[in-house]
Amino acid sequence: MNIAIIPARFGSKRIPHKNIRHFMGKPMLAYAIECAKKANIFDIVMVSTESEEVAKVARDYGAEVPFYRSEKNASDFATTYDVIEEVLLTYQKQNTFFHTMCCIYPCVPFLTPEILVDSYSYLQQYASVMPVCKYPVPIEWAMKIENNVLIPFDEKALQIRSQDLEPKYYDVGMFYWSNVAELFNKKTIIPDSCYAYVLPETQVQDIDTLEDWAIAEMKYKVIYNENRS
């Protein structure tokens, strides 16, 4: 059995109530739920939350909220693994067991059912799957600012051509596929043998600040209009 677990707390310091704030006409959480359901590969699509308000939105859009998150795992210090483990162990106490799970973060308006289905196929060969994106510029060229002055972390690296540097990738924070047995064995949502599922920049967007939110809305409008034309 497969389960989609969407961790969605009520609180958010930088963007108040981010997970249920309306994005392009509907709650942000709705995009993750609808995407998971349209993928048609999950036996259960559930939302882990401590909030009745979030739970209502989740149920309105077709997700299950069979139990609430514990106070401990609703804190700022709980990790994603802590939340996922609690969900899976609670289901096991109810004699419901899953072979694979997909943790889908709630702020993923650019995630598509096609991406979920395609990435899921790699679990036949790998214990886990993580979506990543290539850094737009070489991280070797990174600089810092001290007293308004730019200081290279590595002056020699600035002289290297980009085509001579190996590409680097970052976790886009959209979803994580994992074999449940391996997840429990390694105590991490990213166990060994993790497949790198590379996504283009057009399909990823961090939404941690109000500026990020505004950029995401602009990007969504462009993509939506292109798909309509």
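Student: Where in the structure does Met-143 sit?

Tutor: Met-143 belongs to strand β7, which covers residues 143-146. Keep in mind as we go that this is a predicted model.

Student: Is Met-143 buried, partly exposed or exposed?

Tutor: Relative accessible area tells us. Buried means under 20% and exposed means over 50%, with partly exposed in between. Met-143 has a value of 42%, so this residue counts as partly exposed.

Student: Now for pockets. How is empty space found?

Tutor: Picture a probe the size of a water molecule rolling over the atoms; this shows where empty space is left. Here, the largest pocket holds about 820 Å³ of space.

Student: Which residues lie nearest the centre of the largest pocket?

Tutor: Those are Lys-18, Asn-19, Tyr-105, Pro-106 and Asp-208, out of 33 lining residues. Sorted by class, the lining has 15 nonpolar, 10 polar and 8 charged residues.

Student: What is the volume of the second largest pocket?

Tutor: That pocket comes to about 380 Å³. Its lining consists of 15 residues, and Tyr-31, Pro-109, Leu-111, Thr-112 and Tyr-220 are the closest to its centre.

Key. Residues numbered from 1 in each chain as written. Predicted model: local features only at pLDDT ≥ 70, side-chain atom pairs only at ≥ 80, totals over all residues. Heavy atoms only, no water. 1 Å grid on protein atoms, 1.4 Å probe; cavity = no way out; pocket = protein on both sides within 12 Å on 5 of 7 lines; lining within 4 Å. Points joined across faces, edges and corners; volume = space filled by probe spheres on them. Nonpolar A, V, L, I, M, F, W, Y, C, P; charged D, E, K, R; others polar. Helix = DSSP H or I, 4+ residues; strand = E, 2+ residues; numbered from the N terminus. Buried < 20%, exposed > 50% of the residue type's maximum accessible area, 1.4 Å probe, protein only.
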